[in-house]
Amino acid sequence: MQLYGIQRVGRLSQCPKVEVTREEDMPSRGALSNPADKAQALEDQMIEAYGKVIVEIQCKAGAGGKVALWGKMIRDCHVEALYFEAVNNYEVKVLWLNNNQLGDAGAEAIAGMLRTNHSLTLLELVGNKIGDAGAEAIGAMLCTNRSSLTKLNLHGNKISDDGKKALREAVLFPLKLML
């Protein structure tokens, strides 16, 4: 994504490098110079473009091994790129998706993608926004399909006691489930 700024003298200048390191650095968390700009719409466009690119780059770099995508603002809309185009293609074994913006739709998509994945052994989804519907989808996949997963961590999500119970009942040995 290209970013331009207006200098005090009125000249337009392209920033050579753009890096967003935290969610707090996004436009909705700060003041825009033009109040007419829509902070949320701009932020959504940035995350949409950024998420797919960062997923591909990180999975390619971690091919056959570990990929850490902690706090990268990955949303439900990125799951297709994450699994179909990256995790499967690069045979990622360990994937950390902690502290992103995945909700129930993302968990449901992940459950669907895990049906065809044969390389992933550890999946961490700590600190997302996954609720009971997402937990139920993952649980249903785990009890009907043989997965290569040996560890699944869903700690720090919005899963109720009922959702946790359903997940525990769905999990077959030797998968280690952390809630």
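This is a predicted model: local features need pLDDT of at least 70, side-chain atom pairs count only at pLDDT 80 or more; totals for chains, interfaces and linings use all residues.
Me: Which residues of helix H3 are buried?
Reply: In helix H3, which spans residues 104-114, the buried residues are Gly 106, Ala 107, Ile 110, Ala 111, Met 113 and Leu 114. Buried here means under 20% relative accessible area, exposed means over 50%, and partly exposed is in between, using a 1.4 Å probe and protein chains only. Helices (H or I, at least four residues) and strands (E, at least two) are DSSP runs, numbered from the N terminus.

Me: And where do those buried residues of H3 fall, seen down the axis?
Reply: They fall within an arc of 165°, so they line one face of the helix; the arc is that of the directions from the helix axis to the C-beta atoms.

Me: OK, what does the secondary structure come to?
Reply: The protein has five helices and seven strands, and read along the sequence they follow the pattern β-β-α-β-α-β-α-β-α-β-α-β. Of its 179 residues, 40% count as buried.

Me: What is the strand order in the open sheet?
Reply: The open sheet of five strands has the order S3-S4-S5-S6-S7, with parallel pairing, where two strands pair if DSSP finds at least two bridges between them. S3 and strand S7 (176-178) stand at the edges with a single partner strand each, so one side of each is left without a neighbour in the sheet.

Me: How many bridges join S5 to S6?
Reply: Three bridges join strand S5 (residues 122-124) to strand S6 (residues 151-153), and the two run parallel. Leu 122 stands opposite Lys 151 in S6.

Me: Back to S3: is Val 67 buried or exposed?
Reply: Val 67, which is found in strand S3, counts as buried at 2% relative accessibility.

Me: What does Val 67 touch?
Reply: Leaving out residues up to four places away in sequence, Val 67 touches Gln 58, Cys 59, Gly 62, Val 92, Val 94, Leu 95 and Trp 96, with contact meaning heavy atoms within 4.5 Å.

Me: Switching topic, how many aromatic pairs turn up in the whole structure?
Reply: A search of the whole structure finds one aromatic pair. Trp 70 and Trp 96 form this pair, which is stacked, at 5.2 Å centre to centre and with 25° between the planes. Rings of Phe, Tyr and Trp (its six-membered ring) pair if their centres lie within 6.5 Å, and planes under 30 degrees apart count as stacked, over 60 as edge-to-face and the rest as tilted.

Me: Where do Trp 70 and Trp 96 lie?
Reply: Trp 70 lies in the loop between strand S3 (66-68) and helix H2 (79-87), and Trp 96 in strand S4 (residues 94-96), so the pair ties together parts that are 26 residues apart in sequence. Trp 70 is partly exposed, with a relative accessible area of 45%.

How values were computed:
Residues are numbered from 1 along each chain as its sequence is written. Side-chain values use heavy atoms; hydrogens and water are left out.
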